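Please find below a short note on a protein model, intended for a colleague who has not seen it before.

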Amino acid sequence: MEKRYIIGNWKSNKTVKEAKDWLTTFHQVTVNGTLDTDRNLVTIVCVPFVHISPLFDELKTLLSEKFNLLLGAQDVSPFPDGAYTGAVSAHMLSGLVSYCLIGHSERRTHFAESDEIIAQKAKQLLKYNIQPILCVQDANIPIPDGITLVAYEPVWAIGSGKPATPEHANEVASMIKSKKPQVEIIYGGSVTADNVGTFLSQPNIVGVLPGGASLDTDAFSQLLAHAKHQN
Ligand code: PGA
């Protein structure tokens, strides 16, 4: 069966303690059987930089046949290691995360990130075998070479409680794929347990990127349960 991606985006939330508590609870819910593992469902949680190392250490003892969760970052420096105060390079992330979001609309809007900067970030990540998840806000955003996973996230659907219709998301995904046939498309913007199945049933959509619904273990577990059902 085809792989499906459920990629949580915590954005700028949680203390380290809250992050560890989330992991403990999520692990319990999963291994207690309410949510058995489906190997075709790739579950990733993209967390703030400060949580990556502590969660990586906790995960080492939790990962098992019944529990599989991958860590992702939410951003990366466009530069290599060096004199770039405050920046976290792809080299520093290597070995800790498997995926990294780039080009999220919140980064483009609040941090003035351009397509050129985002392309530099993609290059850095690919150099260290971290898979970029490129967020695009429409079908015209340039997709740098080497990108294989693209998240279509219409700005008006993010955090608004008003998701795109699955048909619209599928149509934009199809437009993106007509230009870059090798990429896989996921959808993000107000995804919840209630609507995840409608997105995953679209032929051009292989996953979802929930923000708000990934912060709470109950909401995230329910979302996964519905996604599994859809599989
Ligand atoms: P949301 O966020 O699910 O809270 O709308 C999605 C995102 O911005 O990635």
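The numbered points below describe the model.

1. Basis. This is a predicted model, in which local features need pLDDT of at least 70 and side-chain atom pairs count only at pLDDT 80 or more, while totals for chains, interfaces and linings use all residues. Residues are numbered from 1 along each chain as its sequence is written, and side-chain values use heavy atoms, with hydrogens and water left out.

2. Overall form. The radius of gyration (taken over C-alpha atoms) is 17 Å, which agrees with the value near 17 Å for a compact globule of 231 residues; the globule rule is 2.2 Å times the number of residues to the power 0.38. Along the principal axes, the C-alpha atoms fill a box of roughly 45 × 40 × 30 Å.

3. Secondary structure. The protein contains nine helices and eight strands, defined as DSSP runs (helices H or I, at least four residues; strands E, at least two) and numbered from the N terminus.

4. Barrel. Eight strands form a closed barrel in the order S1-S2-S3-S4-S5-S6-S7-S8, with parallel pairing; two strands pair if DSSP finds at least two bridges between them. Within it, S3 (residues 70-73) and S4 (residues 99-102) are joined in the parallel sense by two bridges, and Ala73 stands opposite Cys100 in S4.

5. Of the 231 residues, 50% are buried (under 20% relative accessible area, 1.4 Å probe, protein chains only). Among contacts (heavy atoms within 4.5 Å) with a separation of 6 or more, 72% link residues 24 or more positions apart.
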